[in-house]
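Work through the exercises below with the structure in view. Try each task before reading its solution.

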Amino acid sequence: MHKKIPSIGPIMLTQLDNGASARVAELKGGRQFVGRLEAMGIVPGTTITKSSSSIMKGPVVLKKGSTQIAIGYAMAQRIMVEQNKPNP
Amino acid sequence: MKKIALIGNPNVGKSLVFSRITGIAVVSANYVGTTVGVKIGRFKFHGDDYELFDSPGLYSLEAFSKADEAALKLIEDCDIIVNVVDATNLERNLNLTLQLIDKGKPLVVCLNFWDETKHKGISLDEKALDALLGVPVVPTSANKNEGITALVETLENARSGKRSPPDTDRWSRIGSIISAVQKMEHRHHTLLERLGDFTLHPVGGLITAILALFSTFFLVRLIGEGLVNHLCGPLFARLYDPFILSAVGHVPGAFIRDLLVGRTLDPLQSFGILTTGVYIALVLVFPYFFSFYLLFGFLEDFGYLPRLAVVLDTFFHRIGLHGESSIPVMLGLGCKVPALLATRVLISRREKILTMTLVMMSAPCLPQSAMIISLGLRYSVGTVITIFSILLGLSLFMNTLLNKVTKGDPAELFIELPSYRLPSPKLLLKKLRLRILDYLREVFPLIAVGVVIINILDFFKIIGFISNKVGGLITTVLGLPGDIASVMVLGFLRKDISIALLAPFNLSARQFIIASIFMVLYIPCIASLFTLIKELGAFSALKVVAAVLVCAVTASSVLHLGFLLWDGMGMR
């Protein structure tokens, strides 16, 4: 929906295009939320790839290294990512 | 005796390593959370006795679920840790490894799935890893039984490794270790990886899910029916039955003879331990049990279940759950006990209770389903479909209701998707054999006890007494013969016999629908009841059981009333 906005600041993982990679900027959530992502290596500064999303606000599948994880839509909204700026 | 604990991320093959070392067969599968409790086995090496513990998988030393807590406790209690690591996914696995090393216990790292690193274009320098971590590193391929002896031999050399200096950023240390020990070649996507991507695609996933479910049902029925009609049925009728009847003819004492083979020849009417009991267990249930677990085992080992969880997530959100609950529900199509245990990986108590209710209500367990199908098909296919649709509908209604009345936020899906793996036929058959043996061990004693109880009740005219007391109520409320009361007593022991015992009543199709729905829901079988109590505590377990019972009585009486009204309208 908001995909096409040429954002400069961080966007929600749900707004990232499928197949695109981005750097994790911030994890907006409680200890448990951050803890579970941290255990999988998803911490601010690391690069993740969004593999796919589902219709009707279904889960988002992301890839970190060779690990693939499916997370709920609401959780994906709380992962803020920054896309690498294309080289001029 | 030294206590050795197998600790590692979920789905790295700990149970397989466990079963290779101890020779104890345990169920393993290609998804996170197959093992939810600690298992103990013993083995001898160089004359020393060791105790080996299998544990649920952990991503870090932080407990999120009940299954995590069990593994954390084991880490504290054991003498040596064998850290099982997925060699194809070293980076993520090292997070736990470094945390374990910081604990300071003697440790061995087991690089499992070593055989798969080649296909995936990964080359690992295990000597360099050994040096960087300061602990022995042993490559293994547990699925091929390679490296297991070397692993056991290395246990003597287990040592505490190099602790991270304080204030080091763990993930950056992992990054530097990975760049020192791992080289990745670029290579083309394999067919299985392409399939993996397709089954996650919004449309592709849905298509696969529908295809997978329908072909599974089709094949379960095809193989099951084939076995009933062409193998188990004829064997029973032509060989077993005549033999056992003539053999028991020599047994003195009419009462004993009746217990063993009953009074009539129809194996569904006689209620002899050796006739009806064997007929139910081996001819009516076993074929479906075999075909269901054969296909289910394949899906499990292939790694499909977590993908299905992703596809079903949106739907499960409507009943206050998320996709991960679909795994216990699928398991529940086979047997409720492992399904209820599988809810241990769920984090909140609320989603646990909701999932357990769904597990118990959405469909009967496999032996009961097999009986409902066998008896129901004597009426019509529609009768069977009606029963299963009503059960599914009721369970969804119940969960929607529970979701409304219980407080708390719906949890979110968080599940690792394993790579698809072609199942090893050997391991698949091993698992099938394990499940079949478990079934046979349980079914015969309980059926025997059930038949003895019903004969004793009959002998002392207790059935007549019970029927007199509550029979009228059953007839008025449910429209069923009063004598069914005795069957209800036995349903507690085993749910498949409770349906089988309906056969002599010559019920009408409608009565059979009502009776089946009531028998599936009214009370959990003894094994599931104890599992519920163990998992939730007596009070909550009884609340769940009571809620389901109320639902059973209401639904069956409403159904009876509906049928009556329908007839009344037809009369006019």
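The exercises that follow concern a predicted model.

**Exercise 1. Judge the confidence.**
Task: Find the mean pLDDT of chain B and the scores for the complex.

Solution: 
- Step 1. Start with chain B. Its mean pLDDT is 91. Of its residues, 100% reach 70 or more.
- Step 2. Turn to the complex. The predictor gives an ipTM of 0.89. The pTM is 0.90.

**Exercise 2. Trace the sheet of 6 strands in chain B.**
Task: Give the strand order, and say which strands are at the edges.

Solution: 
- Step 1. Write down the order. It reads β2-β3-β1-β4-β5-β7 in chain B. The sheet is open, and its pairing is mixed.
- Step 2. Look for strands that pair on one side only. These edge strands are β2 (39-45) and β7 (137-139) of chain B.
- Step 3. From one strand to the next it averages 25°.
- Step 4. Check an antiparallel pair. β2(B) and β3 (residues 48-54) of chain B are joined by 7 bridges in the antiparallel sense. B:Phe43 has B:Tyr50 of β3(B) as its bridge partner.
- Step 5. Inspect the turn of this hairpin. There are 2 residues between β2(B) and β3(B). B:His46 takes a positive phi near 50° in the hairpin.
- Step 6. Check a parallel pair. β4 (residues 80-86) and β5 (residues 107-112) of chain B run parallel, with 6 bridges between them. Opposite B:Asp86 stands B:Asn112 in β5(B).
- Step 7. α3 (residues 90-103) of chain B lies across β1 (2-8), β4 and β5 of chain B. It runs at about 165° to β4(B).

**Exercise 3. Follow a sheet across two chains.**
Task: Which strand of chain B belongs to the sheet of 7 strands, and what is its partner in chain A?

Solution: 
- Step 1. Read the order: β1(A)-β6(A)-β2(A)-β3(A)-β4(A)-β5(A)-β9(B). The strand from chain B is β9(B). This sheet is open, with antiparallel pairing.
- Step 2. Name the edges. They are β1 (11-12) of chain A and β9 (414-417) of chain B.
- Step 3. β3 (residues 47-53) and β4 (residues 60-64) of chain A are antiparallel, with 4 bridges. A:Lys50 faces A:Leu62 in β4(A).
- Step 4. Cross the chain boundary. β5 (residues 67-71) of chain A pairs with β9(B) over 4 bridges, again in the antiparallel sense. A:Gln68 has B:Leu417 as its bridge partner.

**Exercise 4. Describe the interface.**
Task: How many residues of each chain are in contact, and which element of chain B gives the largest share?

Solution: 
- Step 1. Count both sides. 24 residues of chain B contact 25 residues of chain A.
- Step 2. List the elements of chain B that give two or more residues. They are α3, α12 (305-317) and β9.
- Step 3. Pick the largest share. β9(B) gives it, with 4 residues.
- Step 4. Sort the chain B side by class. It has 10 nonpolar, 8 polar and 6 charged residues.

**Exercise 5. Classify two helix pairs.**
Task: Are α11(B) and α18(B) roughly parallel or roughly antiparallel? Then describe the packing of α5(B) with α7(B).

Solution: 
- Step 1. Take α11 (residues 273-302) and α18 (residues 425-459) of chain B. Their axes come within 9 Å and cross at roughly 155°. An angle over 145 degrees counts as roughly antiparallel, so α11(B) is roughly antiparallel to α18(B).
- Step 2. α11(B) passes α18(B) in a right-handed crossing.
- Step 3. Look at the contact. Among its residues are B:Phe289 and B:Tyr293 of α11(B), and B:Ile436 and B:Tyr439 of α18(B). By class it has 18 nonpolar, 3 polar and 3 charged residues.
- Step 4. Move to α5 (residues 126-133) and α7 (residues 170-181) of chain B. They pack at about 150°, with axes 9 Å apart. α5(B) and α7(B) are therefore roughly antiparallel. Their crossing is right-handed.
- Step 5. List this contact. α5(B) brings B:Ala128, B:Leu129 and B:Leu132. α7(B) brings B:Ile177, B:Ala180 and B:Val181. The classes are 6 nonpolar, no polar and no charged.

Technical notes
Residues numbered from 1 in each chain as written. Chains lettered and ligands numbered in written order. Predicted model: local features only at pLDDT ≥ 70, side-chain atom pairs only at ≥ 80, totals over all residues. Pairing = 2+ DSSP bridges. Axes fitted to C-alpha atoms, helices over the stretch in contact; angles between N-to-C directions. Contact = placed C-beta atoms within 7 Å. Nonpolar A, V, L, I, M, F, W, Y, C, P; charged D, E, K, R; others polar. Parallel < 35°, antiparallel > 145°, perpendicular 65-115°, else oblique. Left-handed = near helix turned anticlockwise from the far one by under 90°. pLDDT = per-residue confidence, 0-100.
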